[in-house]
Amino acid sequence: LRSFFNYEGKKRTHIMSVGYPSQVNYAYDLKQGALLEVWRGQFLDVTEMWHERGEPQLAVPLGSVLKLSGSPSLAVLPDANAPWPAAIAFDDLQNKGYVLDKARNPTFNYIMNGTAVADKIAAVPGGTSLERNITVESAPAGLYCRVAAAPHIAALDEGMYAIDGRSYYIHIDKRLKPFIRQSGNQQELLVPVTGSKDAVTYSIIW
């Protein structure tokens, strides 16, 4: 469902929400390549999109929401310590639509500053987690993927990370060389993206 979306008190205008029969749902910002929120339960309350004049155009999640970072998932940094950008300029990201696989999981396609990106997000059977696969064609030098940002991130065993006091977990292959860095008053879990058609795959468990 395309709609406006209220995120941290501000209206986001280019949002795609996806719901599954397993009652795992998420909201994705098409102009930032950002996974905004995930939740379990019913999908969306769309009353504000049609009631009376439907002016707010807001879709509201029905369920207990886990809020993720609203910043872009990919960025080119001059070095590994440079601050993560808060947003991508509107004209620097061109959406190229989405495609569905046989299980009707969407892959969002876009071009960010000349770099082609395919971002697939799928619910794991049983509704235990979401799996995200970001593929970049001909990644530029200094490209990173920010997997998570929170006041505290702890590395556990077997590629597992506890995010924000175990509010949720990230599982990522160590071969992708993820690392935790301090940035201001929060920590970030980053992965360098290198090579042609390199994929970053990780799971969000909550």
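Visitor: In the open sheet of 5 strands, which are the edge strands?

Guide: This is a predicted model. The open sheet of 5 strands pairs in antiparallel fashion, in the order β1-β2-β3-β4-β7, and the twist from one strand to the next averages 35°. A strand that pairs on one side only is an edge strand here, and these are β1 (2-7) and β7.

Visitor: Which element gives the most to the lining of the largest pocket?

Guide: The largest pocket has a volume of about 390 Å³. Of its 18 lining residues, Y7, E8, L68, S69 and G70 are the closest to the centre. Two or more lining residues come from each of β2 (10-19), β7 (64-67) and β13 (143-150). The element that gives the most, with 3 residues, is β13.

Visitor: How many charged residues does the lining of the largest pocket have?

Guide: By class, this lining has 7 nonpolar and 5 polar residues. The number of charged residues in the lining of the largest pocket is 6.

Visitor: Which element gives the most to the lining of the second largest pocket?

Guide: The second largest pocket, with a volume of about 210 Å³, is lined by 13 residues, and V18, G19, L100, R104 and P106 lie nearest its centre. The elements that give two or more residues to this lining are β2, β9 (93-100) and β10 (106-112). By class, the lining has 10 nonpolar, 2 polar and 1 charged residues. The element that gives the most, with 4 residues, is β2.

Visitor: What is the volume of the largest cavity?

Guide: A search of the whole structure for cavities of 30 Å³ or more finds 1. Its lining has 16 residues, of which L35, L68, S69, R146 and V147 lie nearest the centre. The volume of the largest cavity is about 150 Å³.

Visitor: Which element gives the most to the lining of the largest cavity?

Guide: The lining residues divide into 11 nonpolar, 3 polar and 2 charged. Two or more of them come from each of β4, β13, β16 (168-172) and β19 (198-205). With 4 residues, the element that gives the most is β13.

Methods:
Residues are numbered from 1 along each chain as its sequence is written. This is a predicted model: local features need pLDDT of at least 70, side-chain atom pairs count only at pLDDT 80 or more; totals for chains, interfaces and linings use all residues. Side-chain values use heavy atoms; hydrogens and water are left out. On a 1 Å grid over the protein atoms alone, a cavity is a set of points where a 1.4 Å probe fits but cannot get out, and a pocket is an open set with protein on both sides within 12 Å along at least five of seven lines; lining residues have an atom within 4 Å of a point. Grid points are joined across faces, edges and corners, and a volume is the space filled by probe spheres set on the points. Ala, Val, Leu, Ile, Met, Phe, Trp, Tyr, Cys and Pro count as nonpolar, Asp, Glu, Lys and Arg as charged, and the others, Gly among them, as polar. Two strands pair if DSSP finds at least two bridges between them. Axes are lines fitted to C-alpha atoms, for helices over the stretch in contact, and angles run from 0 to 180 degrees between N-to-C directions.
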